Amino acid sequence: METILNYIGGKWQPALNGSTRKVSDPADGSVVGIVTDSHVEDARLAITAAREAFLGAGTWRLTPAPLRAQVLYRVADGILSRIDELAELDSRNNGKPLREARCDVEDAAACFRYYAGLISAPQGGVYDVTDAFGPMHAFSMHEPVGVCALITPWNYPVLMAAWKLAPSLAAGNCVVFKPSELTPLSAAILFRIMEQAGLPPGTANLVLGTGPNVGAELAASNDVDMITFTGSTRTGQSIATAAVGNLKKVGLELGGKSPNIIFSDADLEGAVEWAMFGVFFNQGEVCSAGARILVQDSIKDAFVNRLAERATKMTIGRGLDNPDMGPLISAAHLDKVTGFVERAREEGAKLVCGGGRLSEGALSKGFFMAPTILDECRPEMEIVREEVFGPVASIQTFETEEQAIAMANDTRYGLAGGVFTTDGARALRVVKALRAGVTWINCYNPTFNEAPWGGYKMSGYGRDLGVNGLLEYQQVKQVNTNLRPGPFGWYTR
Ligand code: NAD
């Protein structure tokens, strides 16, 4: 099996100390790839390559936006031309069902296309200012931030890479990208595609390695101007702390514990299906997962019965066989998720379905778990307060709209939230009251490249996607021009 290498300064190269690591398929533990395992010195090499490329004459930063856009359009085409390979790799490496992996690849291509288009739109502004200093013309222009470090998690390998690479490159930055050490395979293909699309050497650098070895150096380095990170809140906190040294710009897309509020007037069948999509899609390994289901008491039994009936019919298996749910990412993660369920039961939650590891027959070597529903959960329980990041729904009931809003906001996180009701005014009242960055009405989880994505509170700051996603990777420069050059009479002596 060929070792997948770092891509630094336009060259594919192994880690300086020659280390490698195996990457496995969570459906059966088989090895799907061998990748170089980088350390601090490789991260430094990549940062230097990015800085030299950024400061060099005639490089990406100075390439006119329409020409940068052409390269990004070619990247989008390249991604789609390898969709089968990329989807299969992400399905095998992450475990996700193949049809979901294909959607990720399509969305990743669309993300490059979106930012290619956006960078050609007008940037900056013109300001009508006073004539106190004589006639003046004021305008602002957008410039790249510099060297950006991009760090992503394992739950959407190719998609999270696109969310960060497309806007940062569109803005003219040079970047160092570190994917999760658990799912680095599709990133290597993405970098081949970017190389073939004509991205100049040093513009985008790939360093494969762990968080402590590579990620921490990217966060701390004084030669990095910005770091954007998607991952857990705890790692986000350590990155923000490390980034203080040179006051680099920081963007954090972190964890969540999002509420999904179902009112009694909602379309029950629709609410059930969207709730399943909210908490079981991608094995529940979704930052925005609607894991806290809040149901109005009068329909609670009907809702939970129907949810359980449909959840128990979901198919579980190897991602490549296109089940409804694949395996969780690792044995350690499966233990963590089932541990949450056990402790919830000890605290008094009622197990409606699922709950533990599935290991019969073809599932024996993988990290499979059934969709799990825990009823009769209370606000103080761990299962209601902590991010589980697995296919586990906790059910709580409420009587009034005010109660639902208070329960929904009773969390240190603020990534997302949903509301199901046929009362339009109530739907708007509730989403306005939610302290969360992404909200849904009568649906849960659809995400669009065009709209900004990010959290409130301990779910982080900054935004991916949309116009805001591009602005994150730009500095704004003010330019004030004197339209009548010469003395202006302030000093009279
Ligand atoms: P994680 O924080 O363990 O790791 C994420 C990335 O950070 C990996 O690439 C890892 O190698 C790196 N890393 C680890 N320690 C580091 C350090 N000290 N310095 C720098 N980098 C370090 O998270 P994970 O387990 O890969 O992903 C799951 C988490 O990601 C969940 O909490 C989930 O909610 C969150 N997530 C958030 C979003 C969002 O948009 N808000 C999207 C997807 C996932």
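N173 counts as buried, at 0% relative accessibility; buried means under 20% relative accessible area, exposed over 50% and partly exposed in between, with a 1.4 Å probe and protein chains only. This is a predicted model, in which local features need pLDDT of at least 70 and side-chain atom pairs count only at pLDDT 80 or more, while totals for chains, interfaces and linings use all residues. Residues are numbered from 1 along each chain as its sequence is written, and side-chain values use heavy atoms, with hydrogens and water left out.

**N173 and its contacts**

- N173 lies in the loop between α5 (157–170) and β9 (174–178); helices (H or I, at least four residues) and strands (E, at least two) are DSSP runs, numbered from the N terminus.
- The N173 side chain reaches two backbone oxygens, that of S168 at 2.9 Å and that of Y473 at 3.1 Å.
- A polar contact is a pair of N or O atoms within 3.5 Å; within protein, one must be able to donate a hydrogen and the other to accept it, and residues adjacent in sequence count only if both atoms are side-chain atoms.

**Ligand site**

- The ligand sits in the largest pocket.
- On a 1 Å grid over the protein atoms alone, a pocket is an open set of points with protein on both sides within 12 Å along at least five of seven lines, whereas a cavity is a set of points where a 1.4 Å probe fits but cannot get out; lining residues have an atom within 4 Å of a point.
- A molecule sits in a cavity or pocket if more than half of its atoms lie within 2 Å of its grid points.
- There are 28 residues around the ligand, and T152, E181, S232, L254 and E387 come nearest; a residue is near a molecule if one of its heavy atoms lies within 4 Å of it.
- The shell around the ligand divides into 12 nonpolar, 12 polar and four charged residues.
- Ala, Val, Leu, Ile, Met, Phe, Trp, Tyr, Cys and Pro count as nonpolar, Asp, Glu, Lys and Arg as charged, and the others, Gly among them, as polar.
- At least two shell residues come from each of α7 (211–220), β11 (226–230) and α8 (233–242).
- A polar side-chain atom of E387 lies 2.5 Å from a ligand oxygen atom.
- For E181, a side-chain N or O atom is 2.6 Å from an oxygen atom of the ligand.
- For T235, the distance from a polar side-chain atom to an oxygen atom of the ligand is 2.8 Å.
- The protein covers 88% of the 850 Å² of accessible area that the ligand has on its own; accessible areas come from the Shrake-Rupley method with a 1.4 Å probe, and for residues only the protein chains shown count as cover.

**Positive phi in loops**

- Q283 is not a glycine, yet has a positive phi of about 60°.
- The loop between α9 (268–280) and β14 (292–296) holds Q283, which is buried at a relative accessible area of 0%.
- E376, also not a glycine, has a positive phi of about 60°.
- E376 lies in the loop between β18 (372–375) and α12 (382–385) and is partly exposed, at 43% relative accessibility.

- N17 lies in the loop between β3 (11–13) and β4 (20–24), with a relative accessible area of 42%.
- N17 and D37 are 20 residues apart in sequence and 8.8 Å apart in space, C-alpha to C-alpha.
- Q403 lies in helix α13 (residues 401–408) and has a relative accessible area of 35%.
- From Q403 to G215 the separation is 188 residues in sequence and 41 Å in space, C-alpha to C-alpha.
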